[in-house]
Amino acid sequence: MIVLALPAVLAQLSQMSMGFVDTFMVAKLGPEAIGAVGIGNVVYFFFMVFSFGTLAAVSPMVAHAYGAGDPDEIGRSVGQGLWVAVGLTAVGTVIAWNATSILVLMGQKQSVAAIAGTYTRAMSYGLIANLWFSVLRAFCDAVNRTRVAMVISMLAVVINITADYTLIYGAFGFPALGAVGAGYATAIVRWFMLGLMTLYVMRSSDFGSYRFIHFVRRPNPAYVRSILRLGLPIGATHSMEHGFFGLASLLMGTISTAALAAHQVSIILAALAFMIPMGISFAVTARVGQATGRNDPHGARLAGWVGIGLGTMVMCVTATLFISFPGKLARIFTEEHVVVEYARSLLMIAGAFQISDGIQVLAIGALRGLKDTTRPMITNLIAYWAIGLPCGWLLAFKVGLEARGLWWGLVIGLSVAAIMHTLRFRKLVAHVKRDG
């Protein structure tokens, strides 16, 4: 599990570090710029998380086919997945170009919403590249080539730092674009990543037998429906979690600009830590899916529990760091006293949900390997929107805890999700055991 998961984790950390770099670079422009990038990402990445989840259907489909020794099915899954990405891009572009209006309707300040809108428009130029890369990455991960995304993502970090500095502050003859420069930098990096991934896949002799170029020549409506049938619940599952955090960001903006900036600083650190179990979950999906494809119920069961256990151990470490050094972590981004003090209290709470956050995404990864996608969607709806969000709202605005109340709502929602997803996996693998 570690051999397969470590490159996936490093790839996730590298990709997430690009958001970390964006926030760090923009932070020097002040709290309003930090908040604008934060809420711009709420709108943009809410749709992107849904899209990534939908396209994640490619991973278990390829893993099952790989375990069963069916190269044509692998090629068909990848080729038609690329067509699904095209459709998702059309919808995402409309959303990105209307982000300012969406944010104003949600009660955000006009000045912050305007900056956020230009930022999301700039990022939208890399949307199709981002989605195609995710399909090809799911393909590589599912056939045990997790190092590919790792190497590309690490190279992309260097490009992102250079592009951010150049376009945000103006360098090498380019004008200073401010926060919107971070959006253009992100788009450039996404095309760079797609180019390298395509080059690898096309030139790898081992991938010739999959013939995915043959299957991408024209869309196959029946197969596209199969991907959507499996993928849409995954997309909805991830969107409910991301929307849960995103709505907390929007509510934070109604408290104060300082609260929103502190929330953005804290959430980027929590999200960076989350990339570790997220990366492990990709390996869990691949290993559970491959074992299921070759009719090995013991292997599927073992892969799921090993992944959940491994991720839980790692998140114990990140929880300790958040609880022990909240002020130092917040000062990575800003020295403004009000923002740091806000962030300090939020990061202490983030330490409380690290383990729950890790367990829930790992259990979802194991369930995805079993092609169980609808029940996790329902679980997230209950955990986040019926329990966590109402609790957070009550604690924030009725009890008077404000920002801290919203974050305790996150703790409650994530904990409920972790318990319910784990019990679901336990039930399913017990059933597989009896059948085996």
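Predicted model: local features only at pLDDT ≥ 70, side-chain atom pairs only at ≥ 80, totals over all residues.
Residues are numbered from 1 along each chain as its sequence is written, and side-chain values use heavy atoms, leaving out hydrogens and water.

**Exercise 1.** Find how many aromatic pairs the whole structure holds, and describe the pair of Trp-97 and Tyr-125.

*Solution.* 
1. Rings of Phe, Tyr and Trp (its six-membered ring) pair if their centres lie within 6.5 Å; planes under 30 degrees apart are stacked, over 60 edge-to-face, and the rest tilted.
2. The search of the whole structure gives seven aromatic pairs.
3. Trp-97 and Tyr-125 are 6.1 Å apart centre to centre, with 85 degrees between the planes, an edge-to-face pair.
4. Trp-97 is in the loop between helix 4 (71-96) and helix 5 (99-105), and Tyr-125 is in the loop between helix 6 (110-124) and helix 7 (127-142); the pair links distant parts of the chain, 28 residues apart. Helices are DSSP runs of H or I with at least four residues, numbered from the N terminus.
5. Trp-97 is partly exposed at 34%, and Tyr-125 is partly exposed at 44%.

**Exercise 2.** Why is the pair of Tyr-165 and Tyr-169 tilted?

*Solution.* 
1. The ring centres of Tyr-165 and Tyr-169 are 6.4 Å apart and the planes are at 50 degrees, so the pair is tilted.
2. Tyr-165 and Tyr-169 are four residues apart in helix 8 (residues 146-169), so about one helical turn separates them.

**Exercise 3.** State how helix 7 and helix 8 cross, and which residues meet.

*Solution.* 
1. The two axes come within 7 Å and cross at roughly 140 degrees. Axes are lines fitted to C-alpha atoms over the stretch in contact, with angles from 0 to 180 degrees between N-to-C directions.
2. Helix 7 and helix 8 are therefore oblique to each other (under 35 degrees is roughly parallel, over 145 roughly antiparallel, 65 to 115 roughly perpendicular, the rest oblique).
3. Phe-133, Arg-137, Cys-140 and Asp-141 of helix 7 meet Thr-146, Ala-149 and Ile-152 of helix 8, where contact means heavy atoms within 4.5 Å.

Terms used. Helix = DSSP H or I, 4+ residues; strand = E, 2+ residues; numbered from the N terminus. Buried < 20%, exposed > 50% of the residue type's maximum accessible area, 1.4 Å probe, protein only.
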